[in-house]
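Here is a friendly walk through one model, with a few of its contacts picked out along the way. Have the structure open as you read.

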Amino acid sequence: MPPSQTVKIGAESRRQENPFIKNALIVISLLFTLLMLVMPLLVVVTQAFGAGWANFARAVTDTFTVKALQLTLLTTVIAVAANTLFGLTAAWCLTRYRYRGQSLLITMIDLPFAVSPIIAGLIFILTYGRLGWTHSFLEAHNLKIVFAAPGIVMATIFVTIPFVAREIIPVLTARGTDEEQAAVLMGAGFFRTFFYVTLPHIRWALVYSVILCTARAMGEFGAVSVVSGHLRGKTNTLPLHIEILYNEHHYREAFAVSAILVITSIVILTARSVVERIAKKEVNQSVR
Amino acid sequence: MFKRIFTMLSVTALLTVFTATARADQELTNVSYDPTRELYEAYNTAFQKYWQETKKEKVTVVQSHGGSAKQARSVIEGNEADVVTLALAIDITAVEEAGLIQKGWQKKLPNNSSPYTSTIVFLVRKGNPKKIIDWGDLAREGVGVITPNPKTSGGARWNYLAAWAWGDKEYSHDETKVLAYIKKVFDNVLVLDSGARGSTNTFVQNGQGDVLLAWENEAYLSLAERPGEFEIVTPPTSILAEPPVAIVDTYVDKKGTRELATEYLKYLYSDEGQRIAGQHYYRPSNPEIIKEFTKYFDLNLKLITIDDPLLGGWETAQKKHFSDGGVFDRIYTK
């Protein structure tokens, strides 16, 4: 390498370390986080506990709150399970086989990120509602999808589809197929290969994506709001219940229930960084 | 470990589903509009007691609230309400036109199927700093007006029509002038929420605007929630809002709840039902019972009805003002 080039690189890195710019950038990002994230979240927590523990406990143990929490948990469990299964299948299909329409599948998986949640809700209403084309079939079999729990679950699945697949695809691509091919050559079947060769590699990516998917599923508001019908104690999820409480002038209760969601997300995010750290350690060990 | 948490969660979830479906009480779903939450909370308790005493049956009433037109839409799309208790007749007519309610529903119960009525008043900040006393003041420069969107909210349509009626009289039927007046009012609107309760929160909780065009009951509720911060201004003329109620025939027949639903609506006209309406600042339709509440209701207020030739009934008013490309679309072009 000619010496002149080394000098240039050195100059550039010195320019990047200009202390003024460095400090300004740090201040800007910290201020932004403070104003946009930390302060509003602190307000939720202080408001929630502002009227004392007794008030908080009463709001959180209210029948409608408990029912909303149950529905939210049920929805989250089903949505996360469905998307884990689908995400793994889709990631496998996209990285292990070659076929026509592959890029279309990738685009479709990303669609929920790009589409507004209200569209996600409306398409379910238009398909499974009373005026939808499936209505006579559903009516004949006494099935109820929208304005009932199934619609809420489906809307939630729709908005959380990309989480698992998107996380797994790059890991599978980076790993390549060498080890799997070796396993197959040695006589391992599909499931054996998957559980003993593939899964250990994508384990942490999978856990990580399930955590993010859970966080998103619990908090989904827009799409669920469209298909819910807002029947109290029946089709209200926790986020919808918070809106109702707020609209009913029950501000303290609204904040108390919000605090459940905020605390859950903090727990979820802590779990995420723990997973990240463990995964990194494992990667380092395997490299060594 | 994650697997274990997962199974634990699924078991709890499944259990709750089973416990939720195991109960076999009579159930009634009331799809209503925004400001009636507190009214029906109280009324449901009274009705449950009445039903238990007369029929020895337990009944659960499931409530749903939102903007009136939006709620009607959800019933049309398959939200299986036994009864609808909405802000205006046209929204129930929409459900009728979808084939879910039989024709002539409005004649089935007394007083155009409206057990209680209300009107539109102004909620202003303490001391009325902008001196807003009549409809004309809403068009003044520098007055911030809060009202929901007439396209989605029942209350907002009453607000709009009350202003229109005032303008028509003020400018002696000169429609160009009335239009200019209405346009000025809506130019003054700071936030156009989709439902009445959203607007109340914008004005009361978030402190936006100088005047909230509100249901009389909603205005009194805000006074009760935040004593000493607001005042109610009753303009010399306003509009008689008749929020009607109806049974959704298709759904009650499907679920076999016709008798329960009929009684639920009829009981709204009983002395107890009427008093509950009055206590929640709705004007009882029973002329004797409204007299018990004169400290809230100005009985001398001049009220124009929707069927007045000026407005020509809901169908005409809806078509002229709120249909796509109607008067409201033309004046509200921000």
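B:R283 is buried, at 5% relative accessibility, where buried means under 20% relative accessible area, exposed over 50% and partly exposed in between (1.4 Å probe, protein chains only). Its salt-bridge partner is B:E216, with the closest N and O atoms 2.7 Å apart; a salt bridge here is a side-chain nitrogen of Lys or Arg within 4 Å of a carboxyl oxygen of Asp or Glu. B:E216 sits in helix α9 of chain B and B:R283 in strand β11 (residues 283-284) of chain B, so the pair ties together parts 67 residues apart in sequence. B:E216 is buried too, at 2%. Helices (H or I, at least four residues) and strands (E, at least two) are DSSP runs, numbered from the N terminus.

A quick word on the ground rules: this is a predicted model, where local features need pLDDT of at least 70, side-chain atom pairs count only at pLDDT 80 or more, and totals for chains, interfaces and linings use all residues. Residues are numbered from 1 along each chain as its sequence is written, chains are lettered from A and ligands numbered from 1 in the order in which they are written, and side-chain values use heavy atoms, leaving out hydrogens and water.

Over all chains there are 28 salt bridges. Here are some of them:

| Pair | Closest N to O |
|---|---|
| B:E216 and B:R283 | 2.7 Å |
| A:K234 and B:E27 | 2.7 Å |
| A:E139 and B:K254 | 3.6 Å |

A:E139 lies in helix α7 (residues 135-140) of chain A and B:K254 in helix α10 of chain B, so that pair joins two chains. A:E139 is partly exposed at 36%, and B:K254 is as well, at 39%.

How many salt bridges are there between chain B and chain A? The count is four. The contact (heavy atoms within 4.5 Å) takes 37 residues from chain B and 26 from chain A.

Now for the inside. The largest nonpolar core has 84 residues, and B:V84 and B:W314 touch the most other members. Such a core is a set of buried Ala, Val, Leu, Ile, Met, Phe, Trp, Tyr and Cys residues joined through side-chain atoms within 4.5 Å. Helix α6 (residues 154-170) of chain B gives the largest share, eight residues. Not counting residues up to four places away in sequence, B:W314 touches several residues, including B:L88, B:W158 and B:F322.
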